[in-house]
Structure formats: C-alpha cells, structure tokens
Amino acid sequence: MGFGFGGSSSSSYFCLQPKLHPFLTRKPISTRDWRKTQTCIHSFSVSYQKFVDFALDETTRHTHLLPSPLQEKYNFMKSKDGKGELSMLSYEATKIRLLRSLIIETETLQVLDFTVFPKAEYDVPIFCANFFTSAKTNIVVLDLNPLHDIIHEYDYKEKYFKSLIPLGLKYVELFPWGGKLTSESINFFSPIVIWTRFTSSPQKYDILYSAFKDYYKVWLELLGKAVKERDGSQILHNLEAQHRYLTWRAEKDPGQGVLKKLVGDSLAKDLLRSFLFNGVDELGSKTFNDYFPQYCCEEGTLNKKSNSVDKSFERRPWDARGEFIGN
Ligand code: BLA
C-alpha cells in the first residue's frame with residue numbers, strides 16, 4: 001500500500017504560531033530531532049474525536065442511545081508496536097441496529113470509520129463516514145449510502161435523495177471527485193457522496209467537519225421521520241440489502257491492510273467481521289460470491305486484488321440534478 005508508517009515531514013511545522021487549530025494535535029517529532037535542531041518542530045495531525053462527539057450528542061437529542069453488547073469486548077486496543085491506539089464505541093437505539101465508530105491514532109496516521117446501520121424495519125440509508133489521514137494525503141468518503149438501487153429504482157431515490165441534492169452541491173466544488181472506483185462502490189454511493197482526496201490543511205478539516213455535521217443532521221432527520229415497515233417481505237428485502245452491504249465492506253474494505261499491520265491478521269479479521277461490519281455472519285447466509293459473482297475467478301476462488309476488477313468513474317457520475325450519467 002502506498003503510505004508509510006515512517007516520518008511525517010509534509011505535516012511538520014515550524015513553531016511560531018501561538019494557538020493551535022482546534023482539530024490539530026501537537027506532537028514533537030522526536031526528542032533527538034528537537035535537540036539537534038534547537039528549534040520547535042512539530043508534526044500536526046487531525047483528531048477525529050470531535051466528529052464522533054458531535055454525532056453522539058446530536059443523536060441523543062433525537063433518540064435514546066443504549067450501549068451495544070459489543071462495547072464490552074470492543075473498546076480500546078493498542079497496536080502491536082505499542083505506539084498506536086484504536087478506540088471503539090458502539091450503541092443501539094429504537095431505530096438503530098448499530099452505531100459504531102473506530103478511531104485510529106498512530107504517530108503517522110489517523111482514521112475515522114463511523115457508520116450507522118438502521119434496523120431492518122427501516123429502509124433509511126446507511127450513514128457512512130470514512131476518513132483516512134496520513135502525512136501525504138487524506139482519503140474521504142462521506143455519504144448516506146442508499147440501501148437500495150438508486151440508479152434503477154426511481155422511487156427510492158425520490159424518497160430519500162431528491163431533497164438532498166442541494167446539500168450535495170454545496171460540497172461538490174470544495175471536495176473534487178477522488179478518482180476511479182469500482183462499479184460496486186458506485187452502486188453503494190448516493191448522488192450526494194463526498195468521495196475525495198486532499199492534502200492536509202486546517203481549512204480542509206474545517207470544511208470536512210461542516211460537511212460531516214450537515215450530512216449527519218439530515219440523516220438523523222430522515223431516520224426520525226422513517227415509519228416502521230410492517231410488510232414482512234419488505235423487511236426481508238431491507239435485511240438482505242444490509243447483509244449485501246456488510247458482505248461487500250467486510251471483504252473489500254481498503255483499510256484491511258492497515259488494520260492487519262496495526263493489530264495482526266486475526267485481530268484485524270475479528271474487528272472487521274464482528275465489530276465494524278457486525279451482522280455479516282448473522283444477518284444472512286449468502287456469500288460474497290453469491291452477491292458479487294463478478295469477483296469470482298475461474299477456479300471458483302475469490303479474486304482478492306481489488307484492482308483486478310476494473311475501476312472506472314474517473315469523474316463524478318451524477319449531474320447537478322442528481323441524475324446518473326455514468327454510462
Ligand atoms: C481507500 N476507501 C478507499 C477508497 C474508497 C474507500 C472508495 C479508494 C478507492 C478504493 O480503493 O476502492 C471507502 N469504499 C469505501 C467505502 C465504501 C466503499 C466507505 O465501497 C462503502 C461502500 N479506510 C477505512 C479504514 C482504514 C482505511 C478503517 O475505512 C484504515 C484502517 C484506509 N482507505 C484506506 C486506505 C485507502 C483507502 C489506506 C487507500 C487504499 C489504496 O490506495 O490501496
């Protein structure tokens with residue numbers, strides 16, 4: 001993978017500024033560097049804690065959050081080298097099957113993986129914030145991932161996304177399209193997805209924080225308005241859609257490599273299947289191959305390399321009215 005756990009020169013900063021930006025934490029690069037240069041060199045990195053605090057506060061204004069049974073096992077972990085920390089939180093609520101967050105902080109990277117899964121009685125989109133920050137770059141996905149096909153299912157798109165198009169447009173220019181993606185990712189994304197990469201700057205984190213707040217608030221409103229589904233077949237349809245989503249992410253999460261390096265193969269796998277994408281082993285019995293046969297190579301084994309299935313969508317495949325223009 002093209003990022004290093006080594007130095008963080010591009011985010012280093014010569015210390016003349018009196019006050020830190022609220023999202024930035026200050027870390028001396030090392031005591032040796034400090035003495036050698038006799039100057040105040042710091043490495044700055046974003047802290048995503050504030051994002052999670054906002055989301056939890058905002059959620060409790062709408063609903064009562066109960067700690068998830070997962071909380072007992074998944075709360076805090078140190079990386080293998082002892083230098084990184086993984087902090088996990090998980091809750092449930094009347095309409096929420098699982099709200100969970102993972103923050104990773106090491107000397108060289110910060111990650112926020114915050115996702116909220118509604119219960120199967122609601123067809124509300126899945127709230128998804130996925131931010132990866134290293135010295136070189138930031139990789140960002142922020143979206144209300146549609147539960148059902150919005151490219152072909154007009155009604156679902158109308159129901160949830162028609163009114164949100166102006167919100168998406170607010171951020172289109174600020175966060176340019178991040179580059180090619182697989183068509184599966186595109187199918188899981190909505191017309192208002194923020195998929196972007198940028199180099200670190202306090203201004204960008206400010207905008208990202210506003211976007212996160214805006215997106216989370218509208219998602220909470222959608223959830224608040226959602227009416228419980230009574231039709232068993234529709235509930236099953238929602239459940240299968242959630243299971244398909246979990247199956248995709250548990251298998252193809254691009255963060256897998258980082259997690260494995262940090263905590264080792266078996267803990268990483270456990271984190272992915274039992275915490276981050278909890279439900280993948282319980283909510284359905286279909287396999288990755290059943291849902292995504294295009295990833296199956298001739299021998300019937302899974303095609304592990306994500307880039308061996310074509311990526312495309314070099315540009316944003318939705319127009320300003322939220323119409324799909326990808327093909
Ligand atoms: C990259 N993460 C990406 C990319 C996407 C996502 C689209 C870039 C393109 C790609 O490799 O496919 C995120 N993809 C998603 C999401 C969905 C999807 C949210 O399909 C939802 C349906 N990311 C994490 C965690 C880490 C992480 C926990 O969620 C690290 C621990 C890191 N994401 C990460 C890294 C890359 C990445 C390192 C770059 C991967 C690479 O370039 O090979």
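These legends go with a set of close-up views of the predicted model.

The model is predicted, so local features are described only at pLDDT of at least 70 and side-chain atom pairs only at pLDDT 80 or more, while totals for chains, interfaces and linings use all residues. Residues are numbered from 1 along each chain as its sequence is written, and side-chain values use heavy atoms, with hydrogens and water left out.

**View 1**
Let's start with the ligand, which sits in the largest pocket. A pocket is found on a 1 Å grid over the protein atoms alone, as an open set of points with protein on both sides within 12 Å along at least five of seven lines. A molecule sits in a pocket if more than half of its atoms lie within 2 Å of the pocket's grid points. Helices (H or I, at least four residues) and strands (E, at least two) are DSSP runs, numbered from the N terminus.

Asn 130 has a side-chain N or O atom 2.5 Å from an oxygen atom of the ligand. For Ser 185, a polar side-chain atom lies 2.7 Å from a ligand oxygen, and for Asp 113 the value is 3.5 Å, again from a polar side-chain atom to a ligand oxygen. The protein covers 88% of the 860 Å² of accessible area that the ligand has on its own; accessible areas come from the Shrake-Rupley method with a 1.4 Å probe.

**View 1. A network of salt bridges.**
Asp 113 comes back in this view, linked with Arg 100, Arg 249 and Asp 253 in a network of salt bridges. A salt bridge is a side-chain nitrogen of Lys or Arg within 4 Å of a carboxyl oxygen of Asp or Glu, and a search of the whole structure finds 12 of them. The side chains of Arg 249 and Asp 253 meet at 3.7 Å, N to O. Arg 249 is buried at 10% relative accessibility, and Asp 253 is buried with a relative accessible area of 10%. Buried means under 20% relative accessible area, exposed over 50% and partly exposed in between, with a 1.4 Å probe and protein chains only.

Glu 240 and Lys 286 form a salt bridge through their side chains, at 3.1 Å from N to O. Glu 240 belongs to helix α7 (residues 232-252) and Lys 286 to the loop between α9 (265-276) and α10 (288-291), so the pair ties together parts that are 46 residues apart in sequence. Glu 240 is partly exposed, with a relative accessible area of 38%; Lys 286 is also partly exposed, at 37%.

**View 2. Leu 220 and Phe 127.**
Leu 220 has its place in helix α6 (residues 202-225) and is buried at 2% relative accessibility. How far apart are Leu 220 and Phe 127 in space? Their C-alpha atoms are separated by 9.2 Å, although the two are 93 residues apart in sequence.

**View 3. The segment after β13.**
Phe 313 lies in the segment after β13 (311-312), and its phi is near 60°, a positive value in a residue other than glycine. Most residues other than glycine have a negative phi. Phe 313 is buried at 12% relative accessibility.

Technical notes: A polar contact is a pair of N or O atoms within 3.5 Å; within protein, one must be able to donate a hydrogen and the other to accept it, and residues adjacent in sequence count only if both atoms are side-chain atoms. On a 1 Å grid over the protein atoms alone, a cavity is a set of points where a 1.4 Å probe fits but cannot get out, and a pocket is an open set with protein on both sides within 12 Å along at least five of seven lines; lining residues have an atom within 4 Å of a point.
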